Amino acid sequence: MDIVNEILEREQKKAEKYKPITVEKHLDLEFDVGSLLAFDTNDLDTKSLHSQKDVYLHTLSRDNAQLLLNKVWELPTERIDEAIVVRLPPPTTVLPRAKPVPKPKPLTKWQEFAKAKGITKKKKDKSQWDEQLQKWVPLYGFRKAAAEKEKNWLIEVPQNVDPMTDMYEKKASEKTEKVAKNELQRLKNIARARKVKIPRVGIPITSDKASATQLATAATVAKASTASLGKFQDKLPKEKEARGKGIHEIIPGKERKRKAPLPTPQAERENNLNLLDSILNKRPKIDMDRAVSKYIHDEQVQRSEEKKNLKPSKGRFKGKGKGNVTNFSAKKPKAGRGQRNPSKKNPGRKRR
Amino acid sequence: MGRKAKFDDEKKVKKGPGRKARKQADPIFKKGLIEEDNDIKKLSHRQKQRAARRAKKKTELAEKRKLLKQAKKNVAKQKEVVHPDNSDDSSEDEEVQGFTDDNKEWLKPKQKGKSVQKEPETESDSGHEGSDAKGDSIDEDEIDKPGNEKYKLGTLDDLFKDSDEENGDVDSDDEATGSSNKLAYNSDSEEEKSDDDDDGDDDMLPIEKANLKLKKKQKLDKKLADEEMQLNIAKQDVFAFPSEEELQNPTSLQDVLQRIKDVVVVLSDFSSLKEDGRSRCEYTDLLLKDLCVYYSYNEFLMEVLMQIFPVQELMEFLEASEVARPVTIRTNSLKTRRRDLAQALINRGVNLDPVGKWSKVGLVVYSSTVPIGATPEYLAGHYILQGASSFLPVMALAPQENERILDMCAAPGGKASHIAAIMKNTGALFANDANKDRTKAIVGNFHRLGVVNAVICNYDGRQFPDVIKGFDRVLLDAPCTGTGVIAKDPSVKTTKDQKDIQRCFNLQRQLLLAAIDCCNAKSSTGGYIVYSTCSILPEENEWVVNYALKRRNVKLVPVGLDFGTEGFVKYRHHRFHPSLKLTRRFYPHTHNMDGFFVAKLKKFSNVIPEPVKDEDDEETENKEKDEQPKEKAEEQSKENADKKSEVEEPKKQKNIKSNPLKRPANSSETQLPKKKKKPRKQKTKK
Amino acid sequence: MKILSEQRTKILFEKLTKYIGVNVKLLIDRPDGTYCFREKKDRVYYISERLLRLAQTVKPDHLISAGTCFGKFTKTNKFRLHITALTYIAPYAPFKIWVKPSAEQQFLYGHHVIKSGLGRITENTPKYQGVVVNTMSDIPIGFGVAARTTAECRHADPLATIAFHQADIGEYIRSEDTLT
C-alpha cells in the first residue's frame, strides 16, 4: 500500500511539476503546422498584462506553444534511427522573402531588337532529315559534326577561287570566326548590361595603353625633368603643355609659382594707377579727328563772321582807314636814306 | 563502362540549354572601365538654361493667351452686365456703416438698389468673376481717390456710376464724358434711367433693347418687393434665427449678407435682442459660416480672425481686405528729393500726394496716365514701388550712418534699399534671401537705386549666424502666411490652415533667434533687431517675439512709430510678456495700409542663455549687465509663473522654471545649476 | 571675389577710359577710402575695400553680388559695360548727349539715338567716343558710342544715327535676370 501510495504521490508530484497539456481557450487558435505557426486571436487580459507583464506573457506563450505541439503530435509519426519524427505538411502561410526580388536580366542586343520588331523565337526540331545521307541528323553536337564529315568527304574548289586553297581549312577558320564573333557579342552584351565603357572598335584602353592626355602629361613632365627644370628644352611649333586637374602639381618646378600673394589694397591701388597711366599715355596726344574738326569748326565760324561783317560794309572800310591811321609799325624801309639811329632797331631792314 | 550509376537520385541535374556545355563565367571588368551609374545624361549648363527659358516662354505664352481670351470675354460681357462690377465696392462702404448707427432707415433703400445690381453677378458663372474683380481693382486704383474727393459733393451713386462709365469706354475722352455723366447722375434716379437708355441704344440690336427693357422691369419689380420686405423687417425688427432647412438650403449671397448684418446687430446687444433659448455660441457659429460663404474664406482662418477681432471690427477688416490698398512709392533719397520727384511725376500725368506726415519719402499714387513702374524716373532709380506698410519696419529700425546692418529676408530689396538710403550709402548693408531667384530682384533694385554699400547673399536665414555676426542692427521681415495682405493675394483666404501657420511660426522663431544671434549687443550705436511680418495672426507675431524674449537676452523697446495699435498681451489662452504692448500692429481698415506687425528688440547681452556656455568673457559681461535689467527680470519671473497654462511645449516651460538661467539677468549664484557653476567658481578662485 | 589679372584690368581700364577718360583715376584714387575692382564669375564689381573684407566672409557660392557691378568679361575676353555702372559713369563722363522727351522711350527700348531725337550734344565730341545719354532734365538714362562727331551731327539728316546704343536703364526691366 505504502509503495503504491508512494508511487502515486511521486507521480502526482511529477504531474504537478509539469503543467497540463490541455489548454482552454475562448477561441480556437489558427494553425499552420507546416511552418510551425499558431495565431492566437483571443484578446489579451489587459489587467494582468499591466500588473505583471512578464509572467502573463510567459504563461500565454507557453500555453500557445503547448497547443501547437499538440497539433504536431496529431500528425502521423515515423521512427527513424530511434528518433520519433513527424513529417510536416507543406506550409500554407506565405512568408515574406528575406532578399529582394532579383532584378530581371537586361536584354541582349538581339533580344531588344527582336522585341522591338516583334520577332518571336521559333521552336526548331532537334534533328533534321538529311536528304544526302538519308538519315536524321541533329542540329548540333558531335553527331552533327560526324555527319558533316561524312557529307563533306570532298569539297569542290569554286571557279573563282585560287585552286590551291584548302577548303577544309577555310571552313574551319570560318567556324572559328563565327565562334569568336559570338563570344564578342556575348561580352558586348555583358558590358552593356554592366555599363562598361567600351570603344566602338578595338579593345578597351587599360593601364598598359596610355591615353592622349596621359601621354601629353608624361611628355610635359619629362620635359621639365631636367636640371634646369626644362628651361632650355626646345619646343615643337604648336606644342601645348598638358593642362588639367592635378597636372600642374606633378610638373617639377611649377608648384612654387602657384599663387602670387594678394597685394595689399595700397599696393593694388598703386598698380592700378600705374597701369592706368600707361593706358592714358598711350593715347595719342594730338587727336587728329578732333584737330580736323576743330579746324573745320573754326573755319565755319570765321566764314560766318565774315558773312556777318559783310553786311555793314561801311563799318569795314571805316575800320580799315582807322587802322591805317594808327598803324605806325609798318613803315616803309628807307634803305639807308633816312637818318641812322644805332640805338633804335629797325625791324624792316637787313643789317650787315 | 556503360552509363554511370546514379547513386544519389535525390540530386537533380539542372536541365536547360547547354547542360553539358561548360558555361563560361562572365568576364571581370577593370574598375576604371565601369561608368558611373547615371542613365540619364546630364544636361549641360547651357542646355539647362535653354530649357528653363523655353519653359518660361511657354507659360508666358499660355498666360497671355488666357488673358486675351478673358479680355475678349470681358468685352463681350461688359455690354450686357455693366453693373455687377461696381456692386462689390458699393455695398462695402455702406454695410460697414449700415448698422453702426441708427440711420438704418435712410441707408436701407440704397442697399436695395445695390442688391438689385448684385443679382446678375450671382447669376453669372464664377469663372468670370475673378476677371471682373480684377478689372474692378484696377479701376479702383485709378479712380479711388478722385472718387473719394468727390465723395462729399455727390452721392455715392454717382461715384460708382462714374467708375462704371469709365469701365465701359475707357478710350473715349474721359473728362468730357465723365463730367457730363456726373451732372446727369446728380439729378434724381428717373433721369438717370433715361440717361442710361440714351447711352445704350445707340448701337443695339432690337433684341438687346427688349432684353434691357425686360431687365429694367424686373429690377423695378424686385425693388418694390424688396422695399416691401424691408418694411416688414423693419417692423419685425428682431432677427429670427434661421431654421435648419434654411441653413441647409443654399441662399443667395444677398440673403447671407443680410443675415450677417442681422447677427452682428444681435451680437452687439445680445441680452436684449437674442432669441430665447439661443446661446451666443449658436449666433457666432452662424456668423462664422455666413462670413465664410460671403467672403469665401475657409472656416479655420475665419475662426482665427474672429478670435482676433471683435465682431464689428472683423466686418470692417474683411471689407477692407477685399479692396486693394492705394499704390505707394518711396522716393529714393540717394538720387532725388521728394519734391523734385513729385514735380517730375506730375509732369508725366501722375496724380499723387504725400503718404502722410509720418513719412518724408512716401507718395501715394491715385491715378496715372503712364505705367508707374516704367517711367524714366523709375528706371533711373528715383523711386521704388513699395507698400506704405513696408516703410514701417525700416523706420522702426532707424539705421544710422556707418553701421553694419543685416536684412535677413530682403527680396525684392525694397526695405533693404530704404535702409541704404537712410544710411546714405555708408557703412555696410547685408541683404540676404533664401531664394536664389529672388535675389536677382535685389541685385536689380539695388543697382537701379544706386545702392553701393551692399553685399547680397543667398543663405538660409537660420544659418546666417554661422556666416557673419556682429551687426549693429538686424531687420527680419519674416516670411509669413500673409493674412495682412489678403487684398494682394486672395488665395490666402482658402489655402491656409493650422499646419501652414505652425510651419510659418516655427520658421519665424528660428529666424528671429538667428537674427538676434547675428546682432551685436556691444555695438555702441545699435544692438537692435526689428521683427516684422505682413500677417496679423498673433501666433506669427506676439507669440514669436515672446518666444525670443524667453530664449535670448533681448527686451522690447518702443517701436518709434506714433501710430498703430498696440500688440496683444493676451490672446486666447496665451499670456504674453506685458512689454509686448510696445509692439505695433497695423490694420487695413484702420490705417489704410496692409496688415502689418512691427516689434523692436534691443539685445542687451551677447550670451545665449540656453546652451552650455564656455566663453568666459561673455560671462563677465553678463555680470556687468546684471544690474541693468533687474526690474525686467522680476516681471519676467512673474510672467513665467503666469505661463503655466501655455500648452505649447510644456516641457520647455518646465525647463524655464527650474532653470532660471534662461534669463541671466535674474540668475543668482545660488540658483545656478551645477554645470554652470564650475566656470564661475574658477573665476572666483582666480 | 577674385582679384583681376593684369590683362583683364587693362581691358577694363581701356573700356572705362573710353567713357570717362582720365576720370578713371578718380574711381581708384578716392578720398573716402580704398576702392578696388574684383571679379566673380566673369563679372567685375567695384567695391570699397572695407566692404570687401566683410563680403569675403560669405562663401562664394552664396555671394550674389557686392558693391556695384560694372560689367562682365565675355567669353572672348572683351569687357562689356553694364547699365549698372551708370551710377559711376554718369557723373564723370565728359561727353554727353541729351535726348528729347519724345525720343526717351525709343532709347529705353534699346534703339539708337537718331538725329531727330537729339536734344543737345557736348561740343567737340569725337567719333566713336563713349557718351552718356541723358534726358533733357539731366537724368542719365544710359550710355552709348557717338556715331558722328558734333560737327557732323549738324549736317546729318533726321534719321541718321547719332549714337549707338550700348546700355540703357530699361534693361533693369527687360533683362533683370542677366544683368549681374
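Tutor: Start with contacts: two residues are in contact if their C-beta atoms, placed from the backbone, lie within 7 Å. This is a predicted model: local features need pLDDT of at least 70, side-chain atom pairs count only at pLDDT 80 or more, and totals for chains, interfaces and linings use all residues. Residues are numbered from 1 along each chain as its sequence is written, while chains are lettered from A and ligands numbered from 1 in written order.

For chain B, 73% of the contacts between residues at least 6 apart join residues at least 24 apart. Burial follows C-beta counts within 10 Å: 20 or more other C-beta atoms make a residue buried, 12 or fewer exposed, anything in between partly exposed. On that scale, 1% of the 352 residues of chain A are buried. Chain B has 686 residues, and 36% of them are buried. Helices (H or I, at least four residues) and strands (E, at least two) are DSSP runs, numbered from the N terminus. Chain A has 11 helices and 6 strands; chain B has 28 helices and 15 strands.

Take Gly413(B). It sits in the loop between β5 (404–407) and α18 (414–423) of chain B. Gly413(B) counts as buried because 30 other C-beta atoms lie within 10 Å. Setting aside residues up to four places away in sequence, Gly413(B) touches Ala431(B), Ala441(B), Ile442(B), Asn445(B) and Phe446(B).

Lys415(B) comes next. It belongs to helix α18 of chain B. With 25 other C-beta atoms within 10 Å, Lys415(B) is buried. Beyond its neighbours within four places in sequence, Lys415(B) contacts Ser390(B), Pro393(B), Val394(B), Asp407(B), Leu475(B) and Asp477(B).

Elsewhere in chain B, look at a helix pair. The axes of α22 (498–518) and α23 (542–551) come within 9 Å and cross at roughly 45°. Axes here are lines fitted to C-alpha atoms, for helices over the stretch in contact, and angles run from 0 to 180 degrees between N-to-C directions. Under 35 degrees is roughly parallel, over 145 roughly antiparallel, 65 to 115 roughly perpendicular, the rest oblique. So α22(B) and α23(B) are oblique. Residues making the contact include Phe505(B) and Leu512(B) of α22(B), and Trp543(B) and Tyr547(B) of α23(B).

Chain B also meets chain C. Here 30 residues of chain C contact 24 residues of chain B. On that side of chain C, β4(C) gives the most, with 4 residues. The residues there divide into 16 nonpolar, 11 polar and 3 charged. Ala, Val, Leu, Ile, Met, Phe, Trp, Tyr, Cys and Pro count as nonpolar, Asp, Glu, Lys and Arg as charged, and the others, Gly among them, as polar.
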